[in-house]
Amino acid sequence: MSTHVNAHRKPNPVGKSLGRKAMRIGLFAAGAAGIAAAVPAQAATAAAGGMGRNAAVAEDHTFSHADRAHPTQVKDSFTVRQFGTVTSAGIRNQANAVSVGCSVDAHCRSVALSFQIVTLAGQHTRLNAVNLSDAANQHCDGCQTLAGAYQFVVSTARPITLDSATRNRLADIHRRLDELSRSGIPAVDLKTKVDALAAEVTGVLHDAVADAPKAADQPAVAVHRHMDGWPGR
């Protein structure tokens with residue numbers, strides 16, 4: 001189950017268990033193909049908007065597995081990747097949660113959440129974006145199993161760098177996502193609150209690109225969401 005987006009832009013002038021995973025800010029891709037790798041925020045700030053890149057690739061994957069030995073497993077990731085100018089980009093975001101072998105009297109709880117934020121710019125940019133989630137209960141009556149993947153793609157005509165105020169706002173949302181993941185609230189409420197945090201991320205990113213030149217054939221901020229598992233999408 002996935003969201004899969006292919007886009008071609010025309011010329012335009014203008015974790016660790018229990019949710020402890022640090023936000024990463026990176027600038028990627030060099031030469032004929034770029035492979036994503038996180039770098040410190042300061043380095044990304046200095047480098048973003050520099051020389052053009054040919055291609056960039058990034059993948060983020062969060063996996064949670066609960067069973068009788070580990071009845072509660074919660075993991076989340078919150079990653080920011082700043083590509084700069086590219087001619088093509090392949091990005092993938094995935095969340096998988098599994099609960100195995102528990103019972104109604106001693107149920108499992110497995111939650112996997114992955115937030116991926118990507119900024120990119122350029123003309124004739126080919127974008128292949130995949131966002132998917134999957135939650136599975138295996139012989140696990142009464143278990144709570146939830147997987148949520150949220151992908152945010154920021155497209156501008158020229159490269160931008162998320163400033164410190166924007167990064168601080170995103171860091172605060174990440175902190176609250178960690179707290180929410182650890183809260184143990186029912187999955188139906190967790191889903192609602194995670195959606196609310198995703199809406200906040202969208203607002204922050206819209207603010208960040210409010211004055212940036214937009215790509216004519218791309219939304220400034222595209223959001224892909226996929227939620228799977230109990231209590232349903």
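Ser-77 sits in strand β4; strands (E, at least two residues) and helices (H or I, at least four) are DSSP runs, numbered from the N terminus. Its side chain has a polar contact of 3.1 Å with the side chain of Ser-114. By polar contact I mean a pair of N or O atoms within 3.5 Å; within protein, one must be able to donate a hydrogen and the other to accept it, and residues adjacent in sequence count only if both atoms are side-chain atoms.

A quick word on the model. It is predicted, so local features need pLDDT of at least 70 and side-chain atom pairs count only at pLDDT 80 or more, while totals for chains, interfaces and linings use all residues. Residues are numbered from 1 along each chain as its sequence is written, and side-chain values use heavy atoms, leaving out hydrogens and water.

Now the whole chain. The protein chain has three helices and nine strands, in the order β-β-α-β-β-β-β-β-β-α-α-β. Of its 233 residues, 51% are buried.

Next, the inside. In soluble globular proteins, nonpolar side chains tend to be buried together. A nonpolar core here is a set of buried Ala, Val, Leu, Ile, Met, Phe, Trp, Tyr and Cys residues joined through side-chain atoms within 4.5 Å. The largest one has 31 residues, and those touching the most other members include Phe-78, Phe-115 and Val-201. Among the elements giving two or more residues to this core are β4 (72-85), α2 (164-182) and α3 (187-208). Which element gives the most? That is α3, with eight residues.

Let's look at how α2 and α3 meet. Their axes are 10 Å apart, at an angle of about 175 degrees; axes are lines fitted to C-alpha atoms, for helices over the stretch in contact, and angles run from 0 to 180 degrees between N-to-C directions. The two helices, α2 and α3, are therefore roughly antiparallel, a label for angles over 145 degrees.

Finally, Val-204 in helix α3. Is Val-204 buried or exposed? Val-204 counts as buried, at 3% relative accessibility. Leaving aside neighbours within four places in sequence, Val-204 is in contact (heavy atoms within 4.5 Å) with Thr-166, Arg-169, Leu-170 and Ile-173. Val-204 and Arg-169 are 35 residues apart in sequence, yet 7.3 Å apart in space, C-alpha to C-alpha.

Conventions:
Buried means under 20% relative accessible area, exposed over 50%, partly exposed in between (1.4 Å probe, protein chains only). Angles under 35 degrees count as roughly parallel, over 145 as roughly antiparallel, 65 to 115 as roughly perpendicular and the rest as oblique.
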